[in-house]
Amino acid sequence: MTHGMRTDARSPHLDSDSGRDWRDTATRHALLPLRIFLGVTFIYAGIDKLTDSAFMQDAGSGSIGDMMRAVRDSSALPALVDMSLENPVAFGYAIALGELAVGIGTLIGLLTRVAALGGALISLSLWLTVSWAAEPYYYGNDLPYMFCWVPLVLAGAPLWSLDALIRNRRRRGSY
């Protein structure tokens, strides 16, 4: 018996009686759990910020202003923190609304690659500012979130998405 690497482009898992088998189905749906997790998480994060009256303040316990001042000297980009401190409340709203837009776009699959890029950029900016000082680095959650967005930036949402619906209608010429 010989073992080797598959070099064909077609899946060997096609069964004429049942169509695609479970491995092909799993492969096609592999990004769906990631989309759901990131979409729900970013929607929750945005709503949590928007509904937390303490967070949307220039100063005070739990405020965006105090949080940004606390991380300023330990961040990788103090200039970015300084920019946010010019108007911490506006920055807080921008982050919250950005998270909400990214989460909704990702969850429903509308402009998924753009939403995922936005999510990656939000995660990157939070890693370089808020969680930069986490020691060891893997204790900070923003870096793993940033990398979780990469597959969605590359692949989009090919199934169960408004992007796929629009693409299919365009192919049929009915859109």
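Helix α2 provides four residues to the lining of the largest pocket, the largest share of that lining. The model described here is predicted.

**The largest pocket**
- The volume of the largest pocket is about 300 Å³.
- Its lining consists of 18 residues, and those nearest the centre are K49, E99, L126, N141 and D142.
- At least two lining residues come from each of α2 (32–51), α3 (64–71), α5, α6 and α7.

**Helices α5 and α6**
- The axes of α5 (residues 88–108) and α6 approach within 8 Å, and they cross at roughly 140 degrees.
- This crossing of α5 and α6 is left-handed.
- On the α5 side, the contact involves G98, E99, V102, G105 and T106; on the α6 side, it involves T112, A115, A116, G118, G119, I122 and L126.
- Five nonpolar, six polar and one charged residue make up the contact of α5 with α6.

**Residue V130**
- V130 is located in the loop between α6 (112–129) and α7 (142–155).
- V130 counts as partly exposed because its relative accessible area is 27%, a value between the limits of 20% and 50%.
- Leaving aside residues up to four places away in sequence, V130 touches M67, M68 and V71.
- V130 and M68 are 62 residues apart along the chain, and their C-alpha atoms are separated by 7.4 Å.

Technical notes:
Residues are numbered from 1 along each chain as its sequence is written. This is a predicted model: local features need pLDDT of at least 70, side-chain atom pairs count only at pLDDT 80 or more; totals for chains, interfaces and linings use all residues. Side-chain values use heavy atoms; hydrogens and water are left out. Buried means under 20% relative accessible area, exposed over 50%, partly exposed in between (1.4 Å probe, protein chains only). Contact means heavy atoms within 4.5 Å. Axes are lines fitted to C-alpha atoms, for helices over the stretch in contact, and angles run from 0 to 180 degrees between N-to-C directions. A crossing is left-handed if the near helix is turned anticlockwise from the far one by less than a right angle, and right-handed if clockwise. Ala, Val, Leu, Ile, Met, Phe, Trp, Tyr, Cys and Pro count as nonpolar, Asp, Glu, Lys and Arg as charged, and the others, Gly among them, as polar. On a 1 Å grid over the protein atoms alone, a cavity is a set of points where a 1.4 Å probe fits but cannot get out, and a pocket is an open set with protein on both sides within 12 Å along at least five of seven lines; lining residues have an atom within 4 Å of a point. Grid points are joined across faces, edges and corners, and a volume is the space filled by probe spheres set on the points.
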